[in-house]
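Subject: Structure handover

Hello,

Here is the structure I said I would pass on. My notes on it follow below.

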Amino acid sequence: MRKMVIVTGLSGAGKTQAMHSLEDLNYFCVDNLPPALIPKFTELCAQSDRQINNIALAVDIRGGEFFDTLFEVLGDLDSRGIKYEVLFLEASDETLVRRYKETRRHHPLRTGDVLSDIRRERALLQELRGKASKIIDTSDLTPQQLREEIGSVFGEEAGPSRLLITLVTFGYKYGLPLDSDLVIDVRFLPNPHYIPDLRQLTGNDQKVRDFVFGHAATSQFMQRFMELIEFLIPQYIKEGKATLTIAIGCTGGMHRSVSLANRLYELLQGKDYRVAVRHRDIAHP
């Protein structure tokens, strides 16, 4: 068995979509498997004539009392040298409440108060979240974007020696990306928003980019920021980190953060890791 992914996280955060995506990547997928059966299941896969290389197991609080044994089972896998990754999916309270209203489904905790159930589940899963190899906040992701992110991390081309760096731009007025490893605030740079000819443009436009990088502070910051990234990346790889999410924020997430993330993307291209960029708030009015 080459790879085992345990998919978990908050109910309504997209585990079903994640499992479908992994299935399309030729993972052998099992949903809602009691944790106590995971070691036996891995043995069966290893002995199977089907040559099952990659498996994905969805485990969450739907398992009720069985779910409580998950940490013990993960410890057993560690002691036996069985390698696995934990994919943890989450979303904001507001997003999850809206999704439950749209689907009219009950939360697995079933107290009748969806928001209270979500917050209780978030507290119950906090320790498990700390063991995650990859955390994805799906609040602002479309199903296609989630599919692409899972494909970039768990696809066949994702070799263990190639770090995936995801650059996410955001506006502070819309909140921090919850799945960030590093958060960089670039609100100290001159703001194109106050230039009438630039206000309706974005950091993807050359005029905005020229304005942002036309200031000495931007070039100095970019040089020092790149030095920090080049120092950190080998350290993360040494510790076995497979993904690194760098969030770059400005006030609205349209101008400065986008310009800098695009430049960082260019600088990181061609090196021995994969790079993706996502402008979370660029479409906000």
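Helix α7 has 12 residues and reaches 16 Å from its first C-alpha to its last, close to the 16 Å expected at 1.5 Å a residue. Please keep in mind that this is a predicted model. Within α7, the buried residues are Leu146, Glu149, Ile150, Gly151, Val153 and Phe154.

The contact of α7 with α1

Helix α1 covers residues 15–24 and α7 covers residues 143–154; their axes come within 9 Å and cross at roughly 50°. The crossing in which α1 passes α7 is right-handed. On the α1 side, the contact uses Gln17, Ala18, Ser21, Leu22 and Asp24, and these meet Pro143, Leu146, Arg147, Ile150 and Phe154 in α7. Sorted by class, the residues of this contact of α1 with α7 are 6 nonpolar, 2 polar and 2 charged. Leu146, Ile150 and Phe154 belong to the α7 side of the contact, and they are also among the buried residues of that helix.

Around α7

Leucine 141 lies in the loop between β5 (134–137) and α7. Is leucine 141 buried or exposed? Its relative accessibility is 11%, and buried means under 20%, so leucine 141 counts as buried. Not counting residues up to four places away in sequence, leucine 141 touches Ile136, Leu146, Glu149 and Arg278. Two of these, Leu146 and Glu149, are buried residues of α7. The C-alpha atom of leucine 141 is separated by 31 Å from that of threonine 69, and the two residues are 72 residues apart along the chain.

Threonine 243 is placed in strand β8, residues 243–250. With a relative accessible area of 4%, threonine 243 is buried. Leaving aside neighbours within four places in sequence, threonine 243 is in contact with Ser133, Lys134, Val153, Leu163, Leu164 and Asp181. Val153 in that list is one of the buried residues of α7.

The contact of α9 with α10

Helix α9 (residues 216–238) and helix α10 (residues 256–268) have axes that come within 11 Å and cross at roughly 50°. They are therefore oblique to each other, and α9 passes α10 in a right-handed crossing. From α9, the contact takes in Thr218, Phe221, Met222, Phe225, Met226, Ile229 and Ile233; from α10, Leu260, Arg263, Leu264, Leu267 and Leu268. By class, this contact of α9 with α10 has 10 nonpolar, 1 polar and 1 charged residues.

Two asparagines with positive phi

Asparagine 26 is found in the loop between α1 and β2 (28–31). Its phi is near 70°, a positive value in a residue other than glycine. Asparagine 26 is exposed, with a relative accessible area of 65%.

Asparagine 32 is found in the loop between β2 and α2 (38–47). Although asparagine 32 is not a glycine, it has a positive phi of about 60°. At 32% relative accessibility, asparagine 32 counts as partly exposed.

Regards

Definitions and conventions: Residues are numbered from 1 along each chain as its sequence is written. This is a predicted model: local features need pLDDT of at least 70, side-chain atom pairs count only at pLDDT 80 or more; totals for chains, interfaces and linings use all residues. Side-chain values use heavy atoms; hydrogens and water are left out. Axes are lines fitted to C-alpha atoms, for helices over the stretch in contact, and angles run from 0 to 180 degrees between N-to-C directions. Helices (H or I, at least four residues) and strands (E, at least two) are DSSP runs, numbered from the N terminus. A crossing is left-handed if the near helix is turned anticlockwise from the far one by less than a right angle, and right-handed if clockwise. Contact means heavy atoms within 4.5 Å. Ala, Val, Leu, Ile, Met, Phe, Trp, Tyr, Cys and Pro count as nonpolar, Asp, Glu, Lys and Arg as charged, and the others, Gly among them, as polar. Angles under 35 degrees count as roughly parallel, over 145 as roughly antiparallel, 65 to 115 as roughly perpendicular and the rest as oblique. The expected span of a helix is 1.5 Å times one less than its number of residues. Buried means under 20% relative accessible area, exposed over 50%, partly exposed in between (1.4 Å probe, protein chains only).
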